[in-house]
Amino acid sequence: MAAVQSDDDAVHFFDSGISFEDHGDHADIEVTDPEDIDTVLTGPRPFHLVDHDGKIVINYDQGGYAEVIDGAALVRGQIAPQTVPQSRAHHGFVAPMGDMWLSTVASDEEVRGDASVPRLGLQAIDAQGNATGDLATCTGIHGEAFSGAYLVEGCKESVLTVTGGGDGPQFEMLEYPADLPQDVTTGTILGSNAIQMFLGNHGPDGLVVIDPVDEPHFTRISLPFRRVDFALDPVKPAHAYVLTEDGSLHRIDRLAGEIAASARITEPYSMDGHWNDARPRIAMAGDQIVVTDPNAGLIRRISTEDLSELGTIAVEGTPYNIAVAGASGVVH
């Protein structure tokens with residue numbers, strides 16, 4: 001597990017304490033106490049972390065490069081990052097796809113003060129940062145996720161899809177249909193592991209189910225209030241959960257494209273204010289949704305069956321982000 005400390009220019013790693021020994025028809029599991037890994041990565045404003053195909057890639061927004069860590073070595077507590085240069089420092093990402101690397105590309109225009117460097121799109125590069133293909137336009141590119149054979153990114157224009165191929169990456173822009181709200185974009189995207197499907201935000205009060213292959217490519221789900229956080233259910237791939245600022249948790253049926261159930265679980269948390277203020281975050285843990293409740297100093301355990309509260313966990317201080325590590329196996 002990784003903790004990206006953007007404001008402190010550091011990335012910390014933790015050993016979950018969960019290990020396996022594969023025996024073909026089953027895996028033996030051993031669980032020990034989690035602990036931190038001594039090696040800490042430092043660099044100018046780490047931000048986006050991409051975990052795919054056995055590689056963990058961290059983008060340094062003010063450094064103009066990304067660092068790549070081998071996932072198998074990290075499991076053994078070994079961190080020896082490889083640096084992949086970018087043409088200019090910007091808020092972006094580098095992602096692996098087969099033998100290729102894909103990097104966001106920023107404009108070379110001058111900016112003043114804290115203004116963001118405009119992002120132009122996505123391009124294939126080699127390990128030394130040299131372009132190996134044409135730039136695929138994706139203005140303001142933000143958000144990335146993998147599902148099946150696809151990598152998907154949000155753009156000002158719409159949503160860009162990428163697949164690998166012998167002749168290099170294949171890019172396709174999926175156009176938003178005319179009946180979707182205009183002048184809103186998708187900038188946070190989650191990809192499913194079990195089905196080739198994505199879920200993204202669409203404006204502050206909507207979600208959009210993205211099917212990169214079959215039409216309709218987009219199914220929008222309107223929310224009753226602005227979105228605070230959302231997560232996919234890895235056990236039941238058709239389901240996702242979204243928390244809205246009135247304190248309600250909603251179960252999303254992604255195949256039907258609708259809200260299937262709702263329950264109030266926290267006090268309201270307004271989305272007004274700084275984007276980085278402490279607000280609830282959600283994660284999945286088997287048949288439970290775990291929800292941070294910063295103002296109450298609690299983690300709330302919610303049943304996926306009926307959205308009822310199963311219990312709470314008191315924490316010291318104000319909970320912010322949350323991640324869950326879990327697995328199944330045999331103990332002899």
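## Stop 1: a buried valine

Select V159, which is buried, with a relative accessible area of 0% (buried means under 20% relative accessible area, exposed over 50%, partly exposed in between, using a 1.4 Å probe and protein chains only). You're looking at a predicted model, where local features need pLDDT of at least 70, side-chain atom pairs count only at pLDDT 80 or more, and totals for chains, interfaces and linings use all residues. Residues are numbered from 1 along each chain as its sequence is written, and side-chain values use heavy atoms, with hydrogens and water left out.

V159 sits in strand β17, residues 159–163. Strands (E, at least two residues) and helices (H or I, at least four) are DSSP runs, numbered from the N terminus. Now show what V159 touches: leaving aside residues up to four places away in sequence, its contacts include V152, M173, L174, Y176, I210 and F218. Contact here means heavy atoms within 4.5 Å. Then select I302 as well: V159 and I302 are 143 residues apart in sequence and 32 Å apart in space, C-alpha to C-alpha.

## Stop 2: zoom out

Show the whole protein as a cartoon and you'll have one helix and 30 strands on screen. The C-alpha atoms fill a box of roughly 50 × 50 × 45 Å, taken along the principal axes. Buried residues make up 45% of the 332 residues. Among contacts with a separation of 6 or more, 40% come from residues 24 or more positions apart.

## Stop 3: a hairpin and its turn

Go to residues 2–5 (β1) and 10–15 (β2): these two strands run antiparallel and are joined by four bridges. Two strands count as paired if DSSP finds at least two bridges between them. Pick A3 and look across to H12 in β2, which stands opposite. Four residues lie between the two strands of this hairpin.

What is phi at D9? D9 has a positive phi of about 55 degrees, although it is not a glycine. D9 is partly exposed, with a relative accessible area of 34%.

Now jump to L307, in the loop between β29 (298–303) and β30 (309–314). Phi is positive for L307 too, near 60 degrees, and this residue is also something other than glycine. Is L307 buried or exposed? L307 is buried, with a relative accessible area of 3%.

## Stop 4: a cis bond

Select E215 and P216, which are joined by a cis peptide bond with omega at about 0 degrees. You'll find P216 in the loop between β21 (206–210) and β22 (218–222).

## Stop 5: a four-stranded sheet

Colour β11, β12, β13 and β14: in that order they make an open sheet with antiparallel pairing. The edge strands are β11 (94–97) and β14 (136–137), each pairing on one side only. Strand β13 (residues 119–125) meets β14 over two bridges, and L122 stands opposite A136.

## Stop 6

Last, select D61, Q62, H91, D114 and S116. Of the 14 residues lining the second largest pocket, these are the closest to its centre. On a 1 Å grid over the protein atoms alone, a pocket is an open set of points where a 1.4 Å probe fits, with protein on both sides within 12 Å along at least five of seven lines; lining residues have an atom within 4 Å of a point. By class, the lining has five nonpolar, five polar and four charged residues (Ala, Val, Leu, Ile, Met, Phe, Trp, Tyr, Cys and Pro count as nonpolar, Asp, Glu, Lys and Arg as charged, and the others, Gly among them, as polar).
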